[in-house]
Amino acid sequence: MGIECPWAEHHITVSSSGNISTCCMAVPVIDARTGQTYNIKTHTISESYNSKEFNDIRQNLRNDIQDKNCDHCWQQENRGERSLRLDSISHDRYQEIYQSDKVTGLVTVQLDLSNQCNLKCRTCNHIDSSMWTKEHFDLYEQNKEFNLLEFQKTYNFALHKDDDFLEDFKKNVVPTLAVIRFQGGEPFLMKRQWAIVDSIIESGYSKEMLIGYHTNATIWNADIEEKLSKFKEVNLSLSIDDVGDRFEYLRHPAKWNEVKNNIERILSWSSKDKDVRDVLINCVVTPYNIFTIHDLIDYFALRNIPVKLHPTSSPEHFSISNVPANIKHVFLEKLTSRTYSAEYNIEIENVISVLLGSGSSEQWKMFLKTTRIHDTYRKENFENTFPELTAVIRQYDK
């Protein structure tokens with residue numbers, strides 16, 4: 001029967017730098033002929049998907065071989081954690097898409113069109129967010145032989161400005177798709193992203209297509225609603241890691257009240273056709289918010305919005321597995337102090353699984369150190385923002 005993975009079988013992810021991989025968790029695939037990664041500057045999406053290297057990955061999985069391209073999922077599953085692969089297998093709508101007898105070849109694509117972003121979230125970096133470049137340069141690159149402008153140009157990924165790529169995508173890829181997803185950066189900032197969306201609408205393909213976005217929910221308006229309403233289905237994944245002041249600390253410089261208002265507008269729009277307009281919360285779980293995760297769940301459970309909890313492992317110092325052993329029992333008690341419906345309990349159980357895994361004391365020290373460094377730079381204060389967590393650290397982490 002082989003190893004089932006809809007992503008490897010039917011999906012392509014294009015990163016903001018143009019690298020092409022089987023999914024957002026897999027490493028970019030190397031072209032054996034050149035030794036370089038498959039990239040839209042040198043390969044089309046169709047060429048990549050049909051290449052020997054991509055076919056070898058799919059064939060290995062069909063032969064029950066854990067291909068090294070998918071190591072991220074294998075490592076998570078070996079630790080008893082939920083992986084992207086397992087998530088996709090259990091997702092009812094994706095099963096309808098992928099398991100149809102008519103499904104062959106490439107049917108879903110994720111485009112990370114740029115790292116252009118209006119936030120510099122604590123868990124992000126200068127590669128994935130343009131807002132991070134100056135802060136990273138000021139703190140870590142001052143002794144290098146280049147200036148800020150050169151550094152910003154180096155990390156200004158603008159795939160959405162590549163005319164050849166966009167034309168090939170609209171002409172040769174869109175007609176095969178059942179699902180298209182946009183990520184960033186912040187996709188709603190990228191004006192030329194709408195060129196793809198508009199062409200899909202004009203061609204009529206939108207009537208049979210699911211469109212999805214990973215968005216920080218800082219941008220929402222009537223124009224977005226009008227365009228997305230043209231698609232058969234819409235999936236909006238809102239990146240929210242906490243509420244109130246803690247949200248603003250983690251997703252600087254977003255303002256909670258503004259984002260909260262946008263969320264209410266999104267929910268109002270989605271409720272008009274809720275069977276085909278899906279909204280969920282994607283929460284990156286780190287030592288910052290694990291102690292207050294119930295506040296996030298409570299807020300969105302009242303609004304009947306699913307919350308997906310994603311314990312991060314990159315960068316490594318943000319992993320909750322690094323929480324010192326003599327503190328973990330306090331976090332565990334906090335996590336198990338509440339009972340939710342089955343869908344939320346599953347999320348909590350996955351967080352607990354990661355928390356109880358083996359971590360690194362050096363990485364915990366790195367977490368505390370980088371927190372102080374960026375607090376100073378941003379004129380923010382971890383201890384004032386997370387008083388309950390700070391008290392636990394002071395009591396036990398000696």
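On a 1 Å grid over the protein atoms alone, a cavity is a set of points where a 1.4 Å probe fits but cannot get out, and its lining residues have an atom within 4 Å of a point. The model on screen is predicted, so local features need pLDDT of at least 70 and side-chain atom pairs count only at pLDDT 80 or more, while totals for chains, interfaces and linings use all residues. Residues are numbered from 1 along each chain as its sequence is written, and side-chain values use heavy atoms, with hydrogens and water left out.

**First stop: the cavities**

Searching the whole structure gives two cavities of 30 Å³ or more; a volume is the space filled by probe spheres set on the grid points, which are joined across faces, edges and corners.

Select Cys121, Arg122, Thr123, Asp241, Leu250, Val284, Thr286, Tyr288 and Asn289, which line the second largest cavity. The space there is about 30 Å³. Its lining divides into four nonpolar, three polar and two charged residues. In these classes, Ala, Val, Leu, Ile, Met, Phe, Trp, Tyr, Cys and Pro count as nonpolar, Asp, Glu, Lys and Arg as charged, and the others, Gly among them, as polar.

Next, select Cys5, Cys23, Ala26, Cys70 and Cys73, the closest to the centre of the largest cavity among the 13 residues that line it. This cavity holds about 90 Å³ of space. Helix α4 (71–78) and helix α1 (6–10) each supply at least two lining residues, and α4 gives the most, with three. Helices are DSSP runs (H or I, at least four residues), numbered from the N terminus.

**Second stop: α7 and α17**

Select residues 133–140 (α7) and 361–378 (α17), whose axes come within 11 Å and cross at roughly 115 degrees. That makes α7 roughly perpendicular to α17 (65 to 115 degrees). Axes are lines fitted to C-alpha atoms, for helices over the stretch in contact, and angles run from 0 to 180 degrees between N-to-C directions. Lys134, Glu135, Asp138, Leu139 and Tyr140 of α7 make the contact (heavy atoms within 4.5 Å) with Ile373, His374, Tyr377 and Arg378 of α17. These contact residues comprise four nonpolar, one polar and four charged.

**Last stop: α15 and α19**

Finally, select residues 325–335 (α15) and 387–396 (α19); their axes come within 9 Å and cross at roughly 145 degrees. Here Asn326, Ile327, His329, Val330, Phe331 and Lys334 in α15 meet Glu388, Leu389, Val392, Ile393 and Tyr396 in α19. Seven nonpolar, two polar and two charged residues form this contact.

Technical notes
Angles under 35 degrees count as roughly parallel, over 145 as roughly antiparallel, 65 to 115 as roughly perpendicular and the rest as oblique. On a 1 Å grid over the protein atoms alone, a cavity is a set of points where a 1.4 Å probe fits but cannot get out, and a pocket is an open set with protein on both sides within 12 Å along at least five of seven lines; lining residues have an atom within 4 Å of a point.
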